[in-house]
Amino acid sequence: MLNYTPVMGAIAVALSTGLPAHANTSEAELQQLRSQVQELRQQYEQRLQALEARLNQAQQATATPGTVPVAAATTTQAATATFPIATQAAAPSVTRKGNSAFNPAIGMILTGTYANLSKDPENWELSGFNLGGDGHGVGPGKRGFSLGESEITFSANVDNLAYGALTLGLDGDNEVEVEEAFVQSTALPYGLTLKGGRFYGALGYQNEQHAHTWSFVDLPLAHQAFLGGQYKQEGAQLKWVLPTTQYVELGAELGNGSAFPGSDRGGNGLGATLLSARTGGDVGDSHSWRLGASWLRTNAQDRAWGLAHDHGHEGEAGHEEASFSGTSRLWVLDGVWKWAPNGNAKRTNFALQGEYFRRTESGSATVVEGTDPAINGLYRSSQSGWYVQGVYQFVPQWRVGLRYDRLSSGSLSLGNADLAEHLAQPGYNPKRTSLMLDWSPSEFQRWRIQLNSDQARQGVKDTQFYLQYQMSLGAHGAHAF
């Protein structure tokens, strides 16, 4: 039972203090004020009883899986079927009970792109870096019109203990990829959250974000060089939000390590370990921030990479094949600061974001050239990269953003001098500047233009122009900070 007494008491005090401070107040006036207070008390009693009845119905429906009151289902569907483009939620969501109204909730993101590239994208490379990964999100993409990555997501509460989600990605080559498929706890005590399956690892800031939440058409060069796009973990993740006034989150992940910079080793053991720490908070009513640090250790066995002068077409006739076996370690520092007047980001806001990557690899490299004997030797490298970007919403629905990328090819130590003739050599630091402008006429669609000055290839400047659209259909919850 809700207690209205303090509320009514405050009203009575306010009324009494507002009376004239003289003795001429008549008894009739006092009686009239008492009647008005009594009438307000009765009205509040009736409204509180009605709210309590609705609350009991909602609690009973939640306790019984698969049942949702009609009124609650309508409200929930309207609330979850939104696409928060202009703003993002200030805190990560752990439970998503509203999605159960769809049983499961179904959401789709449709994306398309037009690209005008001054240089042939087939010859694109990051000079001084050996690329890898599945290729998603790596390079400038195709010329002309193309279907970007579209997504279909199914999600729902399994019961009162767990939540599950499946996200499928569809690209322009008519290939379907399982981006995420996981089950996550919703009722663990002490601020603990356990996730298992396939999911984006908590490596830095942007890696966990789906493509439709990016502020630019493409990924930063550091993600392309060191992660081959985005890093997906297949295993288990445990996060702990500490019971402190300052937001502090610690995380640990164990996975099979098959994703780049690791490789599928075919064994029973764990191949990747990821540790993360994050903290953040608010400064006044208008500012919020978050800082993070993460570390990834993964193992590779015969991990193929694209040789720089072969432009990634390893294994084709007339081309060389190369592989790496050893240990890869990656450190990431990330930070984000957001500003919105009095915490209201609907009209105007600004977000500053940046990440620093440093990777070391040690092991052995093997190069096979035609029918000649394989060239094998020790391989050690140390490389780094960073980016910083700012996005400003200057009026409702309109944003402008600027991003700068920079990589350092670092140092390379080879145990066999013959390897130097075939492996990408340090000496060039790729860079890129990107300018974007986007318009979101509603929460369900966005149009974006972007201009890149790409100098990823040594001695080559590629001017890249993009036009992109994004449409949202169905359920779509708020994004994390």
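**Burial and overall make-up.** I began with burial, and in this predicted model 41% of the 481 residues of the protein count as buried. Counting the secondary structure elements, I found 4 helices and 17 strands. For the contacts between residues at least 6 apart in sequence, I noted that 65% join residues at least 24 apart.

**Strand 1 and its partners.** I followed strand 1, residues 105–117, and found that it pairs with strand 17 in the antiparallel sense through 11 bridges, with Ile 109 standing opposite Ser 472 of strand 17. Strand 1 also pairs antiparallel with strand 3, residues 150–157, over 5 bridges, and here Ile 106 has Phe 154 as its bridge partner. A further antiparallel pairing, over 4 bridges, joins strand 1 to strand 2, residues 144–147, where Gly 112 stands opposite Leu 147.

**A nonpolar patch.** On the surface I looked up a nonpolar patch with about 960 Å² of accessible area together, whose members include Tyr 392, Trp 398, Trp 439, Trp 447 and Phe 465. The elements that give two or more residues to this patch are strands 13, 14, 15, 16 and 17, and strand 16 gives the most, with 3 residues.

**Phe 465.** Which strand holds Phe 465? I placed Phe 465 in strand 17, the strand that pairs with strand 1. Phe 465 counts as partly exposed because its relative accessibility is 33%, a value that falls between the 20% limit for buried and the 50% limit for exposed.

How values were computed: Residues numbered from 1 in each chain as written. Predicted model: local features only at pLDDT ≥ 70, side-chain atom pairs only at ≥ 80, totals over all residues. Heavy atoms only, no water. Buried < 20%, exposed > 50% of the residue type's maximum accessible area, 1.4 Å probe, protein only. Contact = heavy atoms within 4.5 Å. Patch = residues over 30% accessible without salt bridge, like charges linked within 9 Å, V, L, I, M, F, W, Y side chains within 5 Å. Areas by Shrake-Rupley, 256 points an atom, 1.4 Å probe, with all protein chains shown as cover. Salt bridge = Lys/Arg side-chain N within 4 Å of Asp/Glu carboxyl O. Pairing = 2+ DSSP bridges.
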